[in-house]
Amino acid sequence: MMMEPWQRLPALSLRQLQYFVTLAQLRHFTDTASKLAISQPALSSALRQIETVLGGKLVNRAASAVTLTELGTAILPHAQRVLSVAQLAFEDMQQIVQAGGDGTVRIGLIPSVSSLLFPLLPQTLARAFPRLKVEFHDRTNDELVAQLMKGQIDFAIGALDNSVPDSLEHFPLQEDPFVAVIHCDDPLAASAHLPWKQLIGRDIGVFSKGNIQRLVAALAESHRLSLQTCYQVDYIETLYGLVRSKLAVAILPQLYTSHLQDPQLKVVHLQQPALARTVALMRAPQALPPLIESCFTLMVDTLRSR
C-alpha cells in the first residue's frame, strides 16, 4: 500500500525546528531559551533530538557562544524554509476559516518590472481566481532570491545572473537592454545609440542595491573599460535628479524608463558591446497547493504573451 508523504516524515516538530533556527540566529543558549520562554535543559534536549533524527551534530557549544557546524550551516536555510512555509500556510488556513476565500498568493517583483505586470496581471488573476488574495512585494533582486529560498513568497519576477541559485526554477520572459539616461544638452544625447567607451571619463550614476551594479562592473572589467561610478543611489528619482543637474550619466535597464516623460532627459541605447539582463519568473521547485500552481501557470502564460 502506497503511503502518503506525511506518513514518512521524521519525528521532528515545527517547534524543535524553531528552537534550532532561533539558536542559530542568536548564537547563545541562555538568550535563546529566554526568547523562547523555555528552560535551557528543554532547549538542549530538543537540539539533541534534532541531531539524533538528522544523524549529525549541528552546533558547537562553547562557554561564550554557539557556532554552527558545517552540517548545521547547510541545514539552516532548509529549516528556515519549513518554518516560513508552515507559518504562511497557517495564515492561509486562518483566512479561509475566518474570512472566506481561497488563501493568498505572494508575488515578489523588482520595481522596474511593474510596467510588465500592472494593470493586466492583477485583473487577469482576479477574473480567474476571484476568491484568492494576491499580494505584491517589491524588493531588490537579492532580497527576492532570499525570500524565495526561505518560502516567504511563492513566486518572483526578477533578473537572472550568477547570484541566482541553481535550485530555483526560472522561466525567462524577456531581455531588458541597458540604456544611458543623459541630459538633453549633453553632446552624447545627439545619437540614439552610444558605445560604452564614450562613457570613459564621465561621472556615472547607478543603483547601489541589486544586481545592476554587478552587471555593469562585470562588463567594464571584461572589456577593460575604466568607468567612473561616482554615484550609487537607492531610488530612481535620485538617479534622474543627478542627470537633470548635469552631475552624472545614469546607467540602468530600459524597463526602468518605461514611464519616463521628461523633456530634459534622453534615453540612449548602449552598445559595443550590447548588455541586457534576462527578466524571468522564478520559483522554488517545491510543489504548492493546486490553486497556487494554477495561478503560476496563468502568470507564465500571461506574461509571456505580452
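Reader: How are H2 and H3 oriented to each other: roughly parallel or roughly perpendicular?

Author: This is a predicted model. In it, the axes of helix H2 (residues 29–36) and helix H3 (residues 40–54) cross at roughly 100 degrees and come within 9 Å. Angles of 65 to 115 degrees count as roughly perpendicular, and H2 and H3 are therefore roughly perpendicular to each other.

Reader: Which residues meet there?

Author: From H2, Phe29, Thr30, Thr32 and Ala33 meet Gln40, Leu43, Ser44 and Leu47 of H3. By class, this contact has four nonpolar and four polar residues, with no charged ones.

Reader: Turning to Leu68, is it buried or exposed?

Author: Leu68 has a relative accessible area of 14%. Buried means under 20%, so Leu68 is buried. Its place is in strand S2 (residues 66–68).

Reader: What is Leu68 in contact with, leaving aside neighbours within four places in sequence?

Author: The contacts of Leu68 are then Phe20, Ala24, Arg27, Leu58, Val59, Asn60, Thr73 and Leu76. Of these, Arg27 is 41 residues apart from Leu68 in sequence, while the C-alpha to C-alpha distance is 8.4 Å.

Reader: Now H8, please. Which of its residues are buried?

Author: In helix H8 (residues 212–222), the buried residues are Ile212, Leu215, Val216, Leu219 and Ala220. Seen down the helix axis, they fall within an arc of 130 degrees, so they line one face of H8.

Reader: Why would such spacing put residues on one side?

Author: An α-helix has 3.6 residues a turn, so residues three or four places apart point the same way.

Reader: What covers that side, and what does the face turned away carry?

Author: The cover over the buried residues of H8 includes strands S6 (169–183), S8 (203–207), S10 (249–253) and S12 (276–283). The face turned away carries the exposed residues Glu221 and Ser222. Just after H8, Arg224 takes a positive phi of about 55 degrees.

Reader: Finally, the largest nonpolar core: which residues touch the most other members?

Author: They are Val113, Leu117, Phe155, Ile157, Leu281 and Met299, out of 35 residues in that core. Among the elements that give two or more residues to this core are strand S3 (104–109), helix H7 (141–150) and helix H10 (290–304). H10 gives the most, with six residues.

Reader: And what does Met299 contact beyond its sequence neighbours?

Author: Leaving aside neighbours within four places in sequence, Met299 is in contact with Ile107, Leu121, Leu125, Phe155, Ile157 and Leu281. Apart from this core lies another, of 34 residues, including Leu194, Ile212, Leu215 and Leu252.

Conventions:
Residues are numbered from 1 along each chain as its sequence is written. This is a predicted model: local features need pLDDT of at least 70, side-chain atom pairs count only at pLDDT 80 or more; totals for chains, interfaces and linings use all residues. Side-chain values use heavy atoms; hydrogens and water are left out. Helices (H or I, at least four residues) and strands (E, at least two) are DSSP runs, numbered from the N terminus. Buried means under 20% relative accessible area, exposed over 50%, partly exposed in between (1.4 Å probe, protein chains only). Contact means heavy atoms within 4.5 Å. The arc is that of the directions from the helix axis to the C-beta atoms. A nonpolar core is a set of buried Ala, Val, Leu, Ile, Met, Phe, Trp, Tyr and Cys residues joined through side-chain atoms within 4.5 Å. Axes are lines fitted to C-alpha atoms, for helices over the stretch in contact, and angles run from 0 to 180 degrees between N-to-C directions. Angles under 35 degrees count as roughly parallel, over 145 as roughly antiparallel, 65 to 115 as roughly perpendicular and the rest as oblique. Ala, Val, Leu, Ile, Met, Phe, Trp, Tyr, Cys and Pro count as nonpolar, Asp, Glu, Lys and Arg as charged, and the others, Gly among them, as polar.
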